Amino acid sequence: MQKVFFLILFCTLFLSCRENDGPTTCAVAAPVNDLAWIQQGIKELENTSLIEYSYLVQATYKGETVFFFGSCCPFCKFALVILDCQGKAISGSISTADLIDQKVIWKPANSVCNLD
């Protein structure tokens, strides 16, 4: 009985320590490539004259993955809209200070934003 217990314990520990090879964000491996609403948003930005000021950030808000399109345009007014995995705006007053683990996941090749 003791051998069975240790075998089950070993298997449990071994399997729980493996790296997750599956999707990691919003049930997809690469949100920029795999989420249609992000691809559509990038296409819309590519049709503007201010594309070089644009970027996309992934972050965590209340334990959930969120996104926002940002701008470093020095002469533009910009409203922050936080989006969930389905591309729907999250209601409420949210600032970038409320977001953790922020990382830029897309910016155009000709970006002028200093995002380091």
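So, C26 and C85: in this predicted model, these two cysteines form a disulfide, with their sulfur atoms 1.8 Å apart. The torsion about the S-S bond is -65 degrees, which makes the link of C26 and C85 left-handed. Now look at where the partners sit. C26 is in the loop between α1 (2-16) and α2 (31-34), while C85 is in the loop between β2 and β3 (100-106), so the bond ties together parts that are 59 residues apart in sequence. C85 is buried, at 19% relative accessibility, because the cut-off for that class is under 20%.

How many disulfides does the structure hold? Three. Another one joins C72 to C113, S to S 2.0 Å. This link is left-handed too, with -85 degrees about the S-S bond. C72 belongs to the loop between β2 and β3, and C113 to the segment after β3, so this pair connects parts 41 residues apart in sequence. C72 is partly exposed at 28%, whereas C113 is buried at 7%.

Then we have C73 and C76, whose sulfur atoms are 2.1 Å apart. Here the link is right-handed, with 55 degrees about the S-S bond. C73 is buried at 10%, and C76 is partly exposed at 29%. Counting bonded cysteines along the chain, the pattern reads 1-5, 2-6, 3-4.

Let's turn to the largest pocket, with about 260 Å³ of space. Its lining has 14 residues, and L45, F69, G70, S71 and F78 lie nearest the centre. Which strand gives the most to that lining? Strand β2, residues 64-71, with three residues. By type, the lining splits into nine nonpolar, four polar and one charged. Thanks, everyone!

Methods: Residues numbered from 1 in each chain as written. Predicted model: local features only at pLDDT ≥ 70, side-chain atom pairs only at ≥ 80, totals over all residues. Heavy atoms only, no water. 1 Å grid on protein atoms, 1.4 Å probe; cavity = no way out; pocket = protein on both sides within 12 Å on 5 of 7 lines; lining within 4 Å. Points joined across faces, edges and corners; volume = space filled by probe spheres on them. Helix = DSSP H or I, 4+ residues; strand = E, 2+ residues; numbered from the N terminus. Nonpolar A, V, L, I, M, F, W, Y, C, P; charged D, E, K, R; others polar. Disulfide = S-S within 2.5 Å. Buried < 20%, exposed > 50% of the residue type's maximum accessible area, 1.4 Å probe, protein only.
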